[in-house]
Each structure stands twice: as C-alpha cells, then as structure tokens.
Amino acid sequence: MKLNMIDAIHLGLQEELVRDEKIYLIGEDIGRKGGAFGATKGLQEQFGADRVMDAPLAESGIVGMALGSAMAGMRPVCEIQFADFIFPAFNQIYSEVSKLRYRTNNDFEAPMVIRAPYGGGIQGGLYHSQSIESFFAHMPGLRVVIPSGPRDAKALLKTAIRSNDPVLFLEHKKAYRSLVEVVGDAEECFPIDQAIMKKQGTDCLIITYGLFVSKAVKVAEKLAEEGYSVGVLDLVSIYPLDQATILDAAKASGKVLLLSEGNKEGNVISEVAAVLAEEILFELDAPIKRLAAPDVPAVPNAKTLEDAYLHFSETLEEETRALILF
Amino acid sequence: MQKTAINYEKMYELLILARKIDERFWQLNRAGEAPFVISGKGHEGFQVALAQLLNQKIDWMAPYYRDLPLVLGFGETPKSVFLNLLSKADDTNSGGRQMAFHWGNQANHILSHSSPVTTQFLHACGVALALKKQGQPGIVVTTVGDGSTSQGDFHEALNFASVFNLPVLFIIENNHIAMSVAQEDQYKQKDFSGFGQAYQIKYAKIDGTNVMSSYQDLQKIIEEMRAEPQPVLVEADVVRLTAHSSDDDGSYLNEQERNYQENKDPVTIFQQELLAQQLLSQEKMTEIEEQISDLIDEVTEEALAAADPAADTLEQFVYEEGEGK
Amino acid sequence: MSIKMIEMPRIGESSVEGTLVKWLVEPGEKIKKYQPIAEIMTAKVTTEMPSMLSGIVQEQLIEEMATVAVGEAILAVQTVEKAVEEQVVQAPLKETISQPNTMARLPEKGLSPSVRRLSKEHQIDLTQVTGTGIRGRITKKDIAQYVQNRNQSPQPQVTSTKKVEVKKLIASDTQQVIQPSPIRLAIAKHMEESKSDIPHAWMMVEADVTPLVKRREQLKHHFLEENGVKLTYFPYFVKAVAIALKKVPLLNASWQNNQILQHHEINLSIAVGTDKALFTPVIMHADQKSVRDIAVEIQQIVQHIRAGNLHQVQMEGGTFTVNNTGAFGSVLSKGIINAPQGGILQVESIVKRPVVIDDMIAIRSMVNLCLSFDHRLLDGVMAGEFLATLKETLLQTEA
Ligand SMILES: Cc1ncc(C[n+]2csc(CCOP(=O)(O)OP(=O)(O)O)c2C)c(N)n1
C-alpha cells in the first residue's frame, strides 16, 4: 500500500490501538478534529473518547498525566500539536519522564511516546517551524527518534509505542504529504536505536535525518550521474546516537557532510562531528563539513526570509561535490 | 467498605514512630552521617489519620518530601526510610540515587517524585486516569506545600482532574510558609476554597495538626470519593516545627511565627486528647515510646552498617536492560 | 577499650568547615551516643552536635571559637564498645570504570592531519623524527622540536669541524662548482633563515621629493666645503626613517618566541655592498643625530669597509634596516628583512617624472619607497601609516 507520511502514521496508530488496549492517545484537538495535521482523523469515532482523548490546552498537563498513567500500567501516546509548544512540558520531560527508570533504580518505567510535528519551510513563522531536537538530545533515559519517510515512520512509531522506554517522536511537517511510498504491514517494526544506511557510497558520506534524508538521496543520485559515489546515512535515533553505524559508515570515504535544519551551533550534528573527531580522526580524509541553519532565533515568516533561512540546504549539491573533490 | 473501629493505639504508634525517626535523622545529620534532612515535624497529625483510611492494595499516593509519617503508614518500614536517608544500596525508593525524602516504591503504590515541586500532582491524575481506564477501584492521594500552589502544574492538575473527573485527593499541607517566604508574599487568598470553586471540585479545610478531627473529616471525604469517584481538594492546616531543612536555620522567622508553631505540636495535642478521653493510658504511651526508641536504635545501627551502592552500577538502568523489569 | 576521634561533621551540601562555638562536655565526662557534645556553627546552620560514640571524654582537641575543616578530629573519646567498627569495603573506582581505549583506536604510527601538513611545509623526512607519543607516534610537538633543533644546529661548513654529509655537486663541461667564501656562506644562511622564519609582507609608496632635491642642490657645495664629505640623498632618508619609526614604533620591534620585543633605541642598519659581500653596519641612535652627523658617519663606515677593518661591534644592535638600492639604479625591489628585525626599507632611485598635480602635468622628482615588514608584528594598516609618516617627514627633513 502506498501512503504519504501522515497517513502512514495514522495507520500505525490505528493498528496499535487495535493491538493493545493499554494504548491510548491524548493531545489537543486530536478527537473530533483528528489533530492539526490529521494524524488521528476518525480514530476517536472508531475507538471512543476514552482511547483518543482531547486534552485541555496544557502541555505539561498532557505529558505529566500521561506519565502518571504510564506508571500505573498504561501506554500513552501524546500528541503535542506543534513541537514549538512542547516547552511548557520541558520540566515534565526532563525532570520526570527521562529520569524515572534511573531514579527509581528500575522500579518504575515510563512506556510512553510523545509525538510532535516539527520543521520549517511551510511559512509557519517563528513558532510553527522550529527544529527543537537538540534540546532533547541531552537527556539520558529519553529516546529521540525522527523518521525520514512513510515506511520508516510507521515501522519506527510502532517500535516506539511498544518500547518500555519513553520516546520523543518528531515528525517533519513538510514530509507529511510530500513523501509517498509503500509501507509495511501491521507487524513491520524497525529498531529505534539504529541508524539506517539509505545509500552506500565510497566518495563521500552525507549524514542527516528527517526530511533531509530524501533530499540527500536525490543529491546522491544526481552526483552518481557525474560518476561520484555518495553514501547517505539516516541517523533515525537522534539520541542516543548509533555510534557504531555512524563510525563504520564514515570510515568508508573519510569524508563526511552533516546536514540538519536546526541552528548550527549546538546542533545534534555537532555531536556527530565530535564523535567522528574523537574516534576516527586518523581515518578522515577531509575536514568534517556541517550544513545547518544560520544562528538566528527561528524561521521567519516572510517567504524571502524563510528561503534565506533554508538556503544552506540548497547548497547541499555543490558542498557535497566540493567535499568529494577535496 | 466496612467500617472498622478506630485504632487509636496504631495511630499513636505511627505518630511516635515518625516523630522519633525524625529526631534521630536530625541527630545523624548533625553528627555528619546524613547529608540532608527535611522534616515532617508538625505535619504528622492528618498524615497519621490518612494512612489509616487508605487501602494500600487499591489506593495510590504521590507524596512530597514532608510525608515521612504518611509513607511509614503506607508500607515503608523504619529500616527502609533509614536506608533512604543514608543513600544505601538497598534503599527501596531509589537505591541511593535520589536525595533522601524523595519517595517512590511501586510495590507500596507510592509514586516516585523528583525535586522540582508539584510535578507529582499531574502524575496522580495519570494514575487516577489509569485506574479509571482499567475499571479499578481506588483513589489517588497527592500532597504539596502551600507555596507550591503557585506552580503551573498545580493548576493544570486540578483542571485535568476536574475535566476528566478523576478520583484524586489533592492535599495542600498548609504550613503558611514556603522555605522563608511568608504566606502573604506567596498568595493573597485567606484559604484555598477559591480553587475548589474555580475548578469545580469539592474543597474542605481540616486541622492537620489534630489526628482525631483529621480522621473524622478525611473519613467522610474518602467515603464520598469511593462511593462516587471524583476529585477533592483538601487544605490541611499544619505547622512546620523545624527550619525548612537541615541546610537552613530558620533565623528569618519572627517571634509570632515561632510561637504559633510551637503551640500546635500534633504529638502534644493527640496525647492530651487520648488522655482526656481515656482512649490510651499514660503507661501504654510510655511503653510504646520506649519500644520505638529501642527499635530506632537498632535500625540506626543496621542502616549505618548497610552497604553503599557499588560504583559500577552508575550506568545501570538508564534504559531498559536485558529482559526488562 | 580504645581511643576514638570525633570529627567536625559536614552539615549542609556545601559546608567545608565548622566553628566550635561551645563545648557541652568536659574531659573525664561520661557521654552517651547521640548526646549533644558541642555547639557548632557552619555556613548554613548553628546547631548542637550529637556524639556518634559512647564513652569517656579524653580530650578536647580544639578550643572554643576555633574553626576547623570538615573531617578534622575535635574530640578524643575513650570508647567502651567492644565490637569492631564496621568498615564497608568499596570496590575501588579504578577497577570498575573502564579505561579509555585510546591505544586500540590508534593506527600504527598514525600521523595526525597537522603532523602531515607540518612535515610537508618544513620538508621533513619523518623517518628522521623521533616520536614521543603513544606507540612512538610523532606528535605536533615532536615536529616543532625537530624544526627548532634543525634551525639551531650550528652551520656545520663554517664553524664545525665535525664531518657532515654534504651532497657534492658535480662539475661538468658547461658548469663549474665554486666553493663560496665563509662570509658568503654566512650571508646565505642568514638570508635563508630570515626569509623562512619571517612571514614577509611588502608595500611600496611613491614619494614626491622635489623640495628635498632642491634643498640638497642648494646645500651640497657648502656642505662639502664645511665637512669634507659629499652630501648625498641617503642621509636624509636615514634621518627621516628614524623620525618615522619614532612616530610609528611598531616597526622598530622584533618578533621572538611568540612575543614582541619593542626597541626603545632607534639603531638603523644600513646595507653597504661590495662586489663580494654585503655589510650591515649600524647607525646608533639615528633619531638623535642630524643629517650632517649621519652623512659623516656613513662616510667613515664606508672607509672602514674599504680598508677591511669594519668591526663586528659596528654591525650589532640594529633595530631596522635602510637600504640604498637607488644607488644601483633600481626603482623597485623587495628587501629581505635582516632577522630578527621587524622591517627593511629600500630607497630607490630618485627620477624625474611627469606627474599630474591639480590637473596639470608637472615634472617632479619622485622616489619609490619599498617596505618589507614582518607580518607577525603588524598589518598593512600600520605599515601604511609608517610610509605615510615617512613621506611627510621627507618633505621637512633639513640637513
Ligand atoms: C520548581 C522548584 N523551585 C524551587 C524549589 C526549591 N524549593 C524546595 S522546597 C521550596 C519551598 C516549598 O514550599 P511549600 O510548597 O510551601 O512546601 P513546604 O516546604 O512549606 O512544605 C522551595 C522553594 C523546588 N524544589 N522546585
């Protein structure tokens, strides 16, 4: 079955709600509206208001209550309407959700998922466009997973829901409807702690995640026509990083380009760069290149400014070529 | 639920146990053995009563740091709280990972809480939601200090419980001070009845220093909650008979505040009532006190001698390991 | 029975010391466990301190109001307990926490990117460098050390009697091999070092010296009569450089060991060439001398050189060099800085050229002033400032 990413996520949620009674969804406007992007459309009708719950407009409340229910045997899947609005729940996520297992010496666990749409390029302005993953990629105990397409989204979401650890599952808004592919069946689950080699290559490696994976694959294909072999690695797990796969993939060419939509300084790709520098400096053949957003507070609304913000991603092809020739 | 006769002796035992443990904790702190003490001294009255009224098999609690009497009445043992105080390997709350007085024990239905205040209010809602979804009986009790009513999570929790009609007994332990900040600098209400009204949930104020009256008031409330699951907000008027914690000397308190507090010691009040109503004899009380003192001496030694967590467990249990729990 | 110590306790997360306010027990007194023994004060609280021992007080080890560190013994107690104190044995951290596995990651003789670059830059045969890193790895420091040693090692051909391997050139029908004189070798080495150690930057300005030419024209006969020395242009330039250096002292400095040595004296080396060698005698305190003095001094120096009795001391202490390249008819040249100085100024030939002044063509006496400077010391801005000052000064210099 060919689906776009939002429909794949919808199907994944539906299949999981059928599979396990302990699972319930909670979020703002996810009931009769079906969510801001339609991820839960029709699910309240199908499963009832007890399992697909519209919550009051309070993110700390949503995450905090979900955590409490997870401590008592439920498996909540929270939807934060836009990742930009997750910050009222920051304390619950950082101080409570991520630390629960550790602070109770494994007595309690928090099997819960927090889904949130992120990313720019949709003229969402400062507060409907942000890439917030770096803030959460510093919380041992929490997993941060970002799918790059419909099939992965469904298969990763299922694993996240079935995991006994809390997972922050970030979905790029622009990927929701722009990517279409055949998705797996109800039991297709991909590991949420492993990076995926999307394309092998021996001249250079692009490491990225989310929406940019498909872009990187396109650039790799284009450069293949020029006779270059470019690899593409999808991080999938933003935290903790799948270091083994990253290092293996990077060794092949010794040339690595890192790509992310978040602000450059303090970005998760900087951590990848640090890992490479620390572990395989002597196998690198060129300085590590990072392509990321300029260090301005967020994505501005006006199209000209938004384009300027995202311009770095348009340079991917030439930067990759430059790295190959280095 | 069938009504059982009120067990005054049991409540007196718990009260004295909590008080004497508290006193030993301070001694251990002042001798440099325990890094941190935060006390429930003055908060014990209603906690002792509440512990009798809950059913640990079906009910849950999400306590805060002043609830030593409550957790002792809800499955924690003298040994376990000493191990917690000293961050020992066998501390059932966290294996020595959290600061002392941060409770949490799944087996006893006590939720784990952190240090940022008031987050547990929402967790209590979650447990109540889970009970409701699973069709299970039981209520969830959660507590905070009065200063913590300024936190956003306090309000989100009351609203969520109201909207989803969750059987949560929210208790504000009102000692009229938050660390050093006096009540009038924290909020302008005379009491918290306004919150009951705002969130459309039942509100009651009780004298939390009085075991007897607390018992009666809470009994009524809990019976109602069991009959018809719903949230209730209780304001328990209590006193803080110590400084905020062992890292504080309370030197900022004025004369009036000190006198007020010292006149309302739950232990003295309960003793006087028990004697006046001839519910427990002076001899019995003395006997209980002596037994408990001996017990505490014994447990102190055991706990001091217990093993510390091994350094190589530092990285354990960040994520699920092996076959899981 | 044994004597045990009670220590100043740590009370509060951050306390490091405590003050003993008051003793509550005296030597000889019997005390029970948990009995208050003293009143103590820490940064956070003032409190009674209970004993964790039972026994008889032996000795108060500190006086009231004394402040001691947490953990210091304050009271000796003769204990009555028989039991051995419990000692919880803890696994030492070292064994339980794994050592970083740097060794395993390191490729054989792994050359870091910086070592690779440096070895190329300094043309180093890496087999000659001893690595001091792990498994004999050559570190960046090793390279630096090697380069330093190489530079400091004395000139074997000139001063050392040790036999050194020198690649011998072979003469042919069309080529002859000439052994340079010791002085030529010394110059070569000094030039080589100056050029390789100092990052040279170069700048040239054109100066209109028509007024100076006129002044000298008026003076020169009289000057010769009075001093017995020909008045050339060069002393004017030496004097002007000295004044300009005083105003822009940054150039009158040396870059040494990553520090700047600022000279307070302005001692100008002047380059005097013969057909065989180049000498750089020094005009000390040039800024305090007149054009006349300088002219006379140069004349004396030239005589010394011709007679072959220029003293080594006369060539020492220079802080900047002025080179009279104009004497050979040059109009443009790039001087090599005389290490460890900060710069060299080449004074080119004065030529009459048509120049445009106020949109009219005029015939003026023009000179090119070419400056080489150590780019570590200063940047183009200050070098430009120096040359501008020099131009300005030239307009006013009087003999
Ligand atoms: C979010 C947060 N801010 C600050 C603190 C530091 N703190 C710990 S207890 C406390 C006072 C709490 O007062 P109250 O809620 O009235 O409870 P009480 O201690 O009086 O029982 C403060 C400020 C904290 N633990 N959490």
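**View 1. Salt bridges between chain A and chain B: the count is zero.** For the tally, a salt bridge is a side-chain nitrogen of Lys or Arg within 4 Å of a carboxyl oxygen of Asp or Glu. Polar contacts do turn up, with 19 residue pairs, both at pLDDT 80 or more. Such a contact is a pair of N or O atoms within 3.5 Å; within protein, one must be able to donate a hydrogen and the other to accept it, and residues adjacent in sequence count only if both atoms are side-chain atoms. This is a predicted model: local features need pLDDT of at least 70, side-chain atom pairs count only at pLDDT 80 or more, and totals for chains, interfaces and linings use all residues. Side-chain values use heavy atoms, with hydrogens and water left out, residues are numbered from 1 along each chain as its sequence is written, and chains are lettered from A in the order in which they are written.

**View 2. The A–B interface buries about 3400 Å².** Carbon and sulfur atoms give 61% of that area, which is the accessible area (1.4 Å probe) that two parts lose on being put together, summed over both. A:Met65, A:Tyr102 and A:Arg103 supply 20% of what chain A buries against chain B, more than any other three residues.

**View 3. Here 44 residues of chain A meet 40 of chain B.** Contact here means heavy atoms within 4.5 Å.
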